[in-house]
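Colleague: I would like to learn how to read the chain contacts and helix packing here. Please give the general idea, then the case at hand.

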Amino acid sequence: MFERFSILRLSHHTRWRLLLLPYVLGVIILVIVPALFSFALAFFHYDALSPPVWAGRLNFVLAYTDELFALSIRNSLSLILIPVPLRVFGSFLLARLMQRNGRFLSWFRSAIYLPSVVPAAAFALAWLWILNPLYGPVNLLLTAIGLPAPAWLVDPVWAKPALVLMGLWPIGEGFIVSLAALYDIPPELEDAARIDGAGAVAIIGHILLPLTAPILLLLTFRDAIFTFQESFTHIYLMTQGGPYYATYTLPLFIYEQGFDLRAFGIAGAALWVMYALTGLIVTVLYIIAKQWNVGTTEETFVL
Amino acid sequence: MSSKHVGRTGLRLFIVIIFLLPLLWLIAASLYPPGAPLPTSLRLLPPRLTLANYGRIFQLLPLGRYTVNSLMVIALAVPITLLISSWAGLGMARLPRAGQQRWIVFSLAILMVPGMALWSTRFLIYRQLGWYDTIWALIAPAWMGTSPFYILMFYRAFRRIPAGIYDAARLDGAGVLQTWWLIALPMARATAVAVTLLTFVLYWGDFISPLLYLRSGNRTTLPVALQTLQQLSRSDWGVMLAAAVWTMLIPIGLFLLLQPVFNRNKKRL
């Protein structure tokens, strides 16, 4: 059934290259063009009904003077800077704990991964129940052992910690990737260190962490970008940005500007700011990576 | 077994229980009888278990319809993703070294583009293409292999196949597509299974695309149905949680089904 394709008079190499064609076309139509278009829209008034009108830098001024915009950036940053390192380091420690042989190990690993296959919307509803101030099991548990029970998602102080807390469950991908990274370290290294009298903490700190650092960095990266997106579903379903805008993040701002107010230009301006922030984080991570002298070889690049 | 082993297994078990606890709480709460007073003390299971909430979600919403919609998205998105991403991965693996590097950098750069940057302009593009308010808007990313991450996964798997095997296939007269289907893909089975599961979970749980690109309620998928239900019956926890359990049943079942493949091939993913 495949013969008719090879009739094409193309060199062998070109025909391998053709396999990349759908991918490139897809990326151009679905990522590159829309991304560039979003950036261009930042300089226009556009409501998707009438043709775009040139606006210069007005959209940036409007976004800049919008208090909600500044607030959404602060909230977004704190919802990335705190949970992401926790998630990555936590998944690394879990992978270490589940690395060596033992009873039921494959079942244990699957159990760690299980929360990650739960759809974000179902997960959000589940946690809305779990963190319910009156009937939620967490608060019943806290009351039972005599601890104060916060109102979690309806308390402006506790709403962010609640989101951070529930984000600690779906870490399956980081767990699997860390596990693979740990398996790639020759066991002789660890054995030698143990003979020299290194304890569990020293082995992690001096051998395993430095050797897996590039992959953990890449995971940090991916997680930071992914958290942005995933947190939108959680926040949209659980708090709608409240209480008192405590969980109002940049994706929510962009969504409201674009889809509620049809102010695509302001949404575009917000994207420019977000890209600048992402670029900043990427640069910092890159500098750290350079300092460590890691993450530059091809093998570590591709996970 | 030494005491150290017992201690480690105990610690592992403890952590596993913590990871499963939210799901157990969720399932337990969905089994409460409708209308019964909610417990104000800590107990996992209600005195009387009932599936009544599950019956009620199907009365409140055409949940069967939404489930079929979700399954249709999967039936289209997963095979298209597998096709495009494995092709691209193979095409990359067969390039000269410098070319491979360039494609890795390209794919990583695309990976860094946040989804939000595409929300509103994809909306405009889908409207132009006539995809707005159709299933095609939901599965559109499949046409680029869904995520460059999957292309890199396939690339890595195909690169591990020795070049001699590709050369031998070529000498035997196999074309590019024959080599892909008969040789490369079977040797990367573990990766294909992993990409299948990841793609399934991604499209099944996708809340944002139907929210942004669908208008007709009868075309929507399960995650948005959950939101509708949440608005319909604000404090009726039994109904909401039963719907949440219903939504996660299929991905969890699939995961448990495929779990042995992962454990066998962990090193080769």
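Modeller: Two residues are in contact if their C-beta atoms, placed from the backbone, lie within 7 Å. This is a predicted model, in which local features need pLDDT of at least 70, side-chain atom pairs count only at pLDDT 80 or more, and totals for chains, interfaces and linings use all residues. Residues are numbered from 1 along each chain as its sequence is written, and chains are lettered from A and ligands numbered from 1 in the order in which they are written.

Colleague: How many residues of chain A are in contact with chain B?

Modeller: Chain A brings 71 residues into contact with 79 of chain B. Helix α3 (residues 21-41) of chain A supplies the largest share of the chain A side, ten residues; helices (H or I, at least four residues) are DSSP runs, numbered from the N terminus. By class, that side has 55 nonpolar, eleven polar and five charged residues. Ala, Val, Leu, Ile, Met, Phe, Trp, Tyr, Cys and Pro count as nonpolar, Asp, Glu, Lys and Arg as charged, and the others, Gly among them, as polar.

Colleague: At what angle do helix α7 of chain A and helix α1 of chain B pack?

Modeller: Axes are lines fitted to C-alpha atoms over the stretch in contact, and angles run from 0 to 180 degrees between N-to-C directions. Helix α7 (residues 105-113) of chain A packs on helix α1 (residues 3-30) of chain B at about 30 degrees, and their axes are 8 Å apart. Angles under 35 degrees count as roughly parallel, so α7(A) and α1(B) are roughly parallel to each other.

Colleague: Which residues of α7(A) and α1(B) meet?

Modeller: From α7(A) come A:Phe108, A:Ala111 and A:Ile112, which meet B:Arg12, B:Val16, B:Phe19 and B:Leu20 of α1(B). This contact has six nonpolar, no polar and one charged residues.

Colleague: Is A:Val138 buried or exposed?

Modeller: A residue is buried if 20 or more other C-beta atoms lie within 10 Å of its own, exposed if 12 or fewer, and partly exposed in between. A:Val138 has 22 such neighbours, so A:Val138 counts as buried. A:Val138 is in helix α9 (residues 137-144) of chain A and, leaving out residues up to four places away in sequence, touches A:Ile130 and A:Leu131.

Colleague: And how does B:Thr196 count?

Modeller: B:Thr196 counts as partly exposed because it has 19 C-beta neighbours inside 10 Å. B:Thr196 belongs to helix α10 (residues 189-204) of chain B. Beyond its neighbours within four places in sequence, B:Thr196 is in contact with B:Val78 and B:Leu82.

Technical notes. Helices (H or I, at least four residues) and strands (E, at least two) are DSSP runs, numbered from the N terminus. Angles under 35 degrees count as roughly parallel, over 145 as roughly antiparallel, 65 to 115 as roughly perpendicular and the rest as oblique.
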